[in-house]
Amino acid sequence: VYDYNTQYPNLIRIEEHNHFVTFSAFATDRHKTFEGWESLQNTEYRIEYRQGVKKCAEKLKILIPSERLSSVGKIEQGIIRLFKGRTDIFIGVQDLVITYLQSTDFQVVIKKTAHGKTLHEVGIMEVTTGHSWLHKSHRDIAPKLAEVLRTMKKEGWFAEYRNQVGLCPADLRW
């Protein structure tokens, strides 16, 4: 994401983004709605996120008391825990969660654990840009790579390549 180098200061961001990263909230109750991280504050919901998603961990640990905040190793575990009523909200990277929801693995989970419940996206916590990164020793080529990305977007090549590998068309809102 945009501020990845706060964790790794030896990296240089390619200023032209190559995609968007959306952090979304999912629940089995479609009546829960949220907008932004702060909308979770002062609620009684049990909230879960996937381990290793630093943005989720940083934001949620500030807003949610530890007794109502948990993390899991896989998206699948978070979804199963929603269906079983062990948590109320799962927060993750939207594209990754949706890709999982379209998988055959998810169909197995539905049969075993959903018990008539359905999953809903109930809010957008944040949308940020995704970037490529270089070691600072390659600082001089970062502006050149940014220009190549801008040109590829302008000429339609970037969208074409992303479509060829099946990346989300929603990401193409430059």
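How many bridges join β4 to β6, and do these strands run parallel or antiparallel? Three bridges join the two strands, which run parallel.

## About the model

This is a predicted model, in which local features need pLDDT of at least 70 and side-chain atom pairs count only at pLDDT 80 or more, while totals for chains, interfaces and linings use all residues. Residues are numbered from 1 along each chain as its sequence is written, and side-chain values use heavy atoms, with hydrogens and water left out.

## The sheet

Let us start with the strands. Helices (H or I, at least four residues) and strands (E, at least two) are DSSP runs, numbered from the N terminus. Strands pair if DSSP finds at least two bridges between them. Six strands make an open sheet with mixed pairing, in the order β3-β7-β2-β6-β4-β5. Its edge strands are β3 and β5, each of which pairs on one side only.

Strand β6 spans residues 89–93, and five of its five residues are buried, so the rest of the structure largely encloses this strand. Here buried means under 20% relative accessible area, exposed over 50% and partly exposed in between, with a 1.4 Å probe and protein chains only. With β2, strand β6 pairs in the antiparallel sense over four bridges. Along this pairing, F23 stands opposite V93 in β6, and S24 stands opposite G92 in β6. As a reminder, side chains in a regular strand alternate between the two faces of the sheet.

## Glu48 in strand β4

E48 sits in strand β4 and stands opposite F90 in β6. With a relative accessible area of 1%, E48 is buried. Contact means heavy atoms within 4.5 Å. Leaving aside neighbours within four places in sequence, E48 is in contact with S70, S71, V72, G78, R81, T87, I89, F90 and I91.

## Helices on the sheet

Helix α2 (residues 75–83) has I75, G78, I79, I80, L82 and F83 buried. The cover over these buried residues of α2 includes β2, β4, β5 (69–72), β6, α3 (94–101) and α4 (104–114). Just after α2, G85 takes a positive phi of about 75°.

How do the helices lie against the strands? Axes are lines fitted to C-alpha atoms, for helices over the stretch in contact, and angles run from 0 to 180 degrees between N-to-C directions. S24, as noted, stands opposite G92 in β6. Helix α2 packs on the sheet and touches β2, β4, β5 and β6, with its direction making about 160° with that of β6. Helix α3 also packs on the sheet, touching β2, β4, β6 and β7, and its direction makes about 110° with that of β6.

## Aromatic pairs

Rings of Phe, Tyr and Trp (its six-membered ring) pair if their centres lie within 6.5 Å; planes under 30 degrees apart count as stacked, over 60 as edge-to-face and the rest as tilted. By this rule there are five aromatic pairs. In one of them, the ring centres of F23 and W37 are 6.0 Å apart with the planes at 45°, so this pair is tilted. F23 belongs to strand β2 (residues 19–27) and W37 to the loop between β3 (34–35) and β4 (47–50), so the pair ties together parts 14 residues apart in sequence. F23 is buried at 2% relative accessibility, and W37 is buried with a relative accessible area of 3%.

Another pair, Y100 with F106, is edge-to-face, at 5.6 Å centre to centre and 70° between the planes. Both Y100 and F106 are buried. Together with F83, Y100 and F106 form one aromatic cluster.

## Helices α5 and α6

Helix α5 (residues 142–155) packs with helix α6 (residues 157–164) at an angle of about 80°, their axes being 5 Å apart. The two helices are therefore roughly perpendicular (65 to 115 degrees; under 35 is roughly parallel, over 145 roughly antiparallel and the rest oblique). From α5, L149, M152, K153 and E155 meet W157, F158 and Y161 in α6. By class, this contact has five nonpolar, no polar and two charged residues. Ala, Val, Leu, Ile, Met, Phe, Trp, Tyr, Cys and Pro count as nonpolar, Asp, Glu, Lys and Arg as charged, and the others, Gly among them, as polar.

## His131 in its loop

Finally, H131 is found in the loop between β7 (120–130) and β8 (133–135). H131 is buried, with a relative accessible area of 9%. Although H131 and I12 are 119 residues apart along the chain, their C-alpha atoms are separated by 9.9 Å. Not counting residues up to four places away in sequence, H131 touches Y2, R13, I14, E15, E16, H17, N18 and H19.
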